[in-house]
Amino acid sequence: MTFVYFEKYDKTLSGRPPKLCSVTDTSCIKFHLNVQLPTAKMMAAEQAVHGVPPSLSAKVVGSFAYLTVKDRLPTILTKVIDTIHRNKNKFFEEFGEEGVQAEKKAISLLSKLRNELQTDKPVLVLSDGLEDADSWNQYLQRQQSLQGDQDSVSWFKSPWLYVECYMYRRVMEALWLNPPISDFDVFNEGKTQSFFESQQAVVALCTYLEGLRKNMAELSENQLCEQFNKLLQVSLWGNKCDLSISAGQENSQKGSPLDSLANLRPFILVDDSSLVWSTLVSAQRPGDSGKTTSARVDIVLDNAGFELVTDLVLADFLVSSGLAREVCFHGKSMPWFVSDVTAKDFQWTIRQTMAANHKFMSKSGVQWQTYMRDGVWSYHDHPFWTQPHEFCDMAADAPELYATLQGADLVLFKGDLNYRKLTGDRDWDHTVGFDVALRGFGPAPLCSLRTLKANVQVGLQPGQGEKLSSQEPDWMTSGKYAVVQFYSPHSEQ
Ligand SMILES: O=P(O)(O)OC[C@@]1(O)O[C@H](CO)[C@@H](O)[C@@H]1O
Ligand SMILES: [Mn+2]
């Protein structure tokens, strides 16, 4: 099991994570603040108390969590501050002096936040009166009782998943407390840029989709399955293009994504796509009027820009092939992890696709708008997706969302953050089963489509993780590897 990695001292704030070296090479440890190295004994104690491995945390000096909290999160906050400042004139034009005052106050709150983070201050209660504030405050209490009263819940001492989500919620607070700029999306520029920079790839995908739509009726079941696998993999690798991992730096798709699939195949560490396919096929049932009914597929979205287009293309294929009768998209209700999809991004992407100066791209956009209008597609943004909970908490803490997902025949979870929440962002042994790591979460058959960008990975073959660790110490965080990992609650009955 990999517990601790140490960072070679590196002052650069390059987007990609710095090189990691193994636990045995302690010469390069850089101590930060008063962070204590947890011993194997401490970790074992936590596991004994909670019955599960400990949460990944910045308290493990040199770990990816530590590097993220120490370097990447402050960089993201600095960019947020810079973006707000650069938009000062726009705020003045729109709202006059009030807009400029709001800009100043928001920046001052964000600088304070960055300082709290960098000096490992206690996590503060939220008092902005937003709908979800109570739930965040209850979660803070929960963390405090899990941690014991000795230390306050703080940026470097508490679970990484929690503090990282909390940072984005505090960015929301800084804007929300400052009308008239409350609904300014600080990450919007990066998301739209990622879309425009991927135009060539988007055109290639829409053109391919058009060809498929035309010939769909002639495809044999095998050919349909082959096309499904292709578009599933395009959506999988679309997850490489997120902006949070690169601290907001440009990260788009240039050439045709379909051409790279064969070369990328060896980097899929777990491929359960045949189980995803059989789930879709077995959801086809004879309906009342003699017509076959097919699956409802839910897609828990991750990033806007190119990744979202790959998801829409997959969803279009599912519906136009008849494999799905309905697709429900789940997105975020506030700007989140730099590049995640909000309702505005979702609508904007469809509108931009419609307005494109390319026949098949605009045709796809019109088709997607029609699916939305007719209710074949729908978009939902439950507040639970922007809370810090592990998904095993969903049934108790967001029962109505759990019930909604139970109505699906298949739920696709896109991206790394969703994987972290599915597995609780814990230091699992790599050979632990995905079903075990889900800890009871299973509203419906589900599949994670994720490129690896955080050091949690379960469901590998014995020795597979060790081999990768010895060859490429950053295999879990480089975005080079991916998984298509499936679980069905029905197969346990
Ligand atoms: O969910 P996504 O978009 O695939 O990735 C989000 C992400 O970049 O944010 C975190 C780093 O700050 C990592 O867990 C993860 O790699
Ligand atoms: Mn994301």
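Asp425 sits in the loop between H17 and helix H18 (434-437), and its phi is near 55°, a positive value in a residue other than glycine. In this predicted model, Asp425 has a relative accessible area of 1%, which is under 20%, so the residue counts as buried.

**Other backbone features**
- Val338, placed in the loop between strand E7 (324-330) and helix H13 (343-355), has a positive phi of about 65° although it is not a glycine.
- With a relative accessible area of 6%, Val338 is buried.
- The peptide bond from Pro179 to Pro180 is cis, with omega near 15°, and Pro180 belongs to the loop between H6 and helix H7 (188-197).

**Polar contacts of ligand 1**
- A polar side-chain atom of Arg420 lies 2.5 Å from an oxygen atom of ligand 1, and for Lys453 a polar side-chain atom is 2.7 Å from an oxygen atom of the ligand.
- In the side chain of Arg72, an N or O atom is 3.4 Å from an oxygen atom of ligand 1.
- The protein covers 100% of the 390 Å² of accessible area that ligand 1 has on its own.

**The shell around ligand 1**
- Helix H2 (64-86), helix H6 (160-176) and helix H17 (415-422) are the elements that give two or more residues to the shell, and H17 supplies the largest share, 4 residues.
- Ligand 1 is surrounded by 17 residues, of which the closest are Glu164, Asp302, Leu417, Arg420 and Lys453.
- By class, the shell has 5 nonpolar, 5 polar and 7 charged residues.
- Because domain 1 (64-177) and domain 2 (212-487) both give residues to this shell, ligand 1 lies between them.

Methods:
Residues are numbered from 1 along each chain as its sequence is written. Chains are lettered from A and ligands numbered from 1 in the order in which they are written. This is a predicted model: local features need pLDDT of at least 70, side-chain atom pairs count only at pLDDT 80 or more; totals for chains, interfaces and linings use all residues. Side-chain values use heavy atoms; hydrogens and water are left out. A residue is near a molecule or strand if one of its heavy atoms lies within 4 Å of it. A polar contact is a pair of N or O atoms within 3.5 Å; within protein, one must be able to donate a hydrogen and the other to accept it, and residues adjacent in sequence count only if both atoms are side-chain atoms. Accessible areas come from the Shrake-Rupley method with a 1.4 Å probe; for residues, only the protein chains shown count as cover. Ala, Val, Leu, Ile, Met, Phe, Trp, Tyr, Cys and Pro count as nonpolar, Asp, Glu, Lys and Arg as charged, and the others, Gly among them, as polar. Domain bounds come from an automatic or database domain assignment. Buried means under 20% relative accessible area, exposed over 50%, partly exposed in between (1.4 Å probe, protein chains only).
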